Amino acid sequence: MTVRVLIVDDQALFREALATLLEVQPEIDVVGEAANGEEAVRLCAELSPDVALMDLRMPVLDGIAATARLRAGQPGVRVLALTTFDDDEDVFAALRAGAVGYLLKDVSSTRLVEALVAAQRGESVLQPSVAAKLVARVARLPAETPRPSVTPLSDRELEVVRLLADGRSNREIAKTLFLAEGTVKNLVTSVLSKLQVRDRTQAALRAKELGLF
């Protein structure tokens, strides 16, 4: 199954180059391009892409506001932020708005394709530097009322959650641990259940809170 992608960026040359790069990938079907967030929201309604590959700093309507609109009105469209900037406020604002992942424009084409496929499945995909920012912010938070205890993770599940915190995709985790990708998917599902969280980003943060790495 191919991933239907809408490219959203205010730089026409970058959009065209990215579309050319992605269209030769058998896993990807570029269904359209948008020059700003407002156009992206409209085209998502018309084209129903699986993933909107979203720049953040754009005229008319920025990527963060567009992400929030899509989350509210078209929750079936996954938003993957692709931007030049990784400052803290952009990162946290995009994730709070509903982006399932955050990558920088220096990402490799292989990594980008893997991230788009993962985003279609609803997986969180984070640049390692972004994952590190999230973990660092959690470490600075004041202590809260203890949450209910969780089921202990197995040694293999601990390895998986540590790699999740590095922003690794299922495919990368499988290669690192010499496992089948399906096995990794099952391990991730088990980790989410045991840590009582909804997604991979929350799993990494929860594991940090619990001192698992």
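The model is predicted: local features need pLDDT of at least 70, side-chain atom pairs count only at pLDDT 80 or more, and totals for chains, interfaces and linings use all residues. Residues are numbered from 1 along each chain as its sequence is written, and side-chain values use heavy atoms, with hydrogens and water left out.

**A19**

A19 lies in helix α1, residues 12-23. Helices (H or I, at least four residues) and strands (E, at least two) are DSSP runs, numbered from the N terminus. With a relative accessible area of 4%, A19 is buried; buried means under 20% relative accessible area, exposed over 50%, and partly exposed in between (1.4 Å probe, protein chains only). Beyond its neighbours within four places in sequence, A19 is in contact with I7, V30 and E33, where contact means heavy atoms within 4.5 Å. The C-alpha atoms of A19 and I7 are 7.4 Å apart, and the two residues are twelve residues apart in sequence.

**Nonpolar cores**

A nonpolar core is a set of buried Ala, Val, Leu, Ile, Met, Phe, Trp, Tyr and Cys residues joined through side-chain atoms within 4.5 Å. The largest one has 26 residues, of which V8, A52, M54, L70 and Y102 touch the most other members. At least two residues of this core come from each of β1 (3-8), α2 (37-47), β3 (51-54), α3 (63-73), β4 (78-83), α4 (88-97) and β5 (101-104). A second, separate core of 23 residues includes V3, I7, L53 and A115.

**Salt bridges**

There are 13 salt bridges in the structure, each a side-chain nitrogen of Lys or Arg within 4 Å of a carboxyl oxygen of Asp or Glu.

E172 is partly exposed at 22% relative accessible area, whereas R111 is buried at 10%.

R121 is partly exposed at 38% relative accessibility, while E123 is buried at 9%.

R171 is partly exposed at 36%, and E181 is partly exposed at 30%. Salt bridges that share partners join E114, R121, E123, R171, E181 and R200 into one network.
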